[in-house]
Each structure stands twice: as structure tokens, then as C-alpha cells.
Amino acid sequence: MSRQDATHGASTAIGSALYGLATTAVRRLPRDMSITSAATLATLHRTGPRRITDLAVIEGVTQPAMTVLVRVMEKSGLVERRGDESDKRVTLVCLTEAGASYVQTRRQAGVDAFARLIDELADDEVKALVAALPALAHLAEIESQDREGPKR
């Protein structure tokens, strides 16, 4: 077996494990809003105010669908619209304090759920996860850059 075949096999196995963990994590999160709404709030939390058209591209939905979603989140007090000081024709969607609190609470619930699972692992398995942290952080960074593009 070539090094490239071995690397691809490892990538596939790791990808499968990470995908399984991600889907499990999503299933365990509160169902108080859609995944797209929660993802949009998380995007605003990470990147700051965005145009509706940018959010639609990032979240993979149509602009009209994102407009409706933003309207619902605005009524819930999670986001607000503000003018862009650099271009008066543009309106930006901004996270409110309630929206930021929601994102942080949801994220902490996810962290706590994984921490409980990790606490069930053997010491050598925990050490292996600790050793993998830089690579996992880099994966998250690559995915975030690919998905969100340059900051406004």
C-alpha cells in the first residue's frame, strides 16, 4: 500500500468519526430553533454584522429565505438591523445581547455534552485527543475560511 493510499484511508476514517460526532452533537442540541437559524446566529457571533445576502450565501439558503429567517429572529430579539456606516445604502444584520447570550449558552451546552463523553474515555485516549487538538483547531479554521470567505 502506498503512502498516499494509507493517508487517504486515514483521512476517510477520521472524517467518518468526526462526521459521526458532529451529527450526534447536532441531535443533542435543544430544538428551540432551526439549525439554519442557530447557524446564522453563530456566524454573526464569529464574524460580526453581515448583509442578508452574505448570510444567505454562508448558510446555503436563498436570499428570500434568509430575509424571512432574519425577520423571525428580529421579532424574537436575537438580531437587529442597522445601517452600514461605510455605505448608507446597506443594512447589516447584527446580533443583540440576547442573541449573543443564546449562542454562548448553546455552545456551552455542546461543550458540556462532549466533556461528559470525554470523561468516560481511558487516560491514553484523552491524551490522544489532546495531541490532536492543534490539528482539529486547524481543520475548524480551514472550514471557517472556506465557508465564510473574507470578513466584511
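What is the relative accessibility of Phe114? At 30%, Phe114 counts as partly exposed, a class that lies between buried (under 20% relative accessible area) and exposed (over 50%), as found with a 1.4 Å probe and the protein chains only.

The model shown in these views is predicted, and for this reason local features need a pLDDT of at least 70 and side-chain atom pairs count only at pLDDT 80 or more, while totals for chains, interfaces and linings use all residues. Residues are numbered from 1 along each chain as its sequence is written, and side-chain values use heavy atoms, with hydrogens and water left out.

**View A. The whole protein, with its helices and strands.** The protein has six helices and two strands, where helices (H or I, at least four residues) and strands (E, at least two) are DSSP runs numbered from the N terminus. Read along the sequence, these elements follow the pattern α-α-α-α-β-β-α-α. The radius of gyration, taken over C-alpha atoms, is 19 Å, well over the 15 Å that the globule rule gives for 152 residues, so the protein is more spread out than a compact globule; the rule itself is 2.2 Å times the number of residues to the power 0.38. The C-alpha trace spans about 60 × 35 × 25 Å along its principal axes, and 25% of the 152 residues count as buried.

View B. Helices H1 (3-28), H2 (35-47), H5 (97-118) and H6 (123-148) are the elements that give two or more residues to the lining, and H6 provides the largest share, 15 residues.

**View C. Phe114, a residue of helix H5.** Leaving aside neighbours within four places in sequence, Phe114 is in contact (heavy atoms within 4.5 Å) with Leu21 and Ala25. The C-alpha atom of Phe114 lies 17 Å from that of Ser16, which is 98 residues away along the chain.

**View D. Helix H3 and its buried face.** In helix H3, residues 52-59, the buried residues are Ile52, Leu55, Ala56, Ile58 and Glu59. Seen down the axis of H3, these buried residues fall within an arc of 165°, so they line one face of the helix; the arc is that of the directions from the helix axis to the C-beta atoms. After H3 comes Gly60, whose phi is positive, near 70°.

**View E. Ala56 within helix H3.** With 4% relative accessibility, Ala56 counts as buried. Residues up to four places away in sequence not being counted, Ala56 touches Val61, Thr62, Gln63 and Met66. Between the C-alpha atoms of Ala56 and Leu44, which are 12 residues apart along the chain, the separation is 12 Å.

**View F. Ala132 in helix H6.** Ala132 is partly exposed, with a relative accessible area of 27%. Ala132 and Arg50 stand 82 residues apart in sequence, and their C-alpha atoms are 33 Å apart in space.
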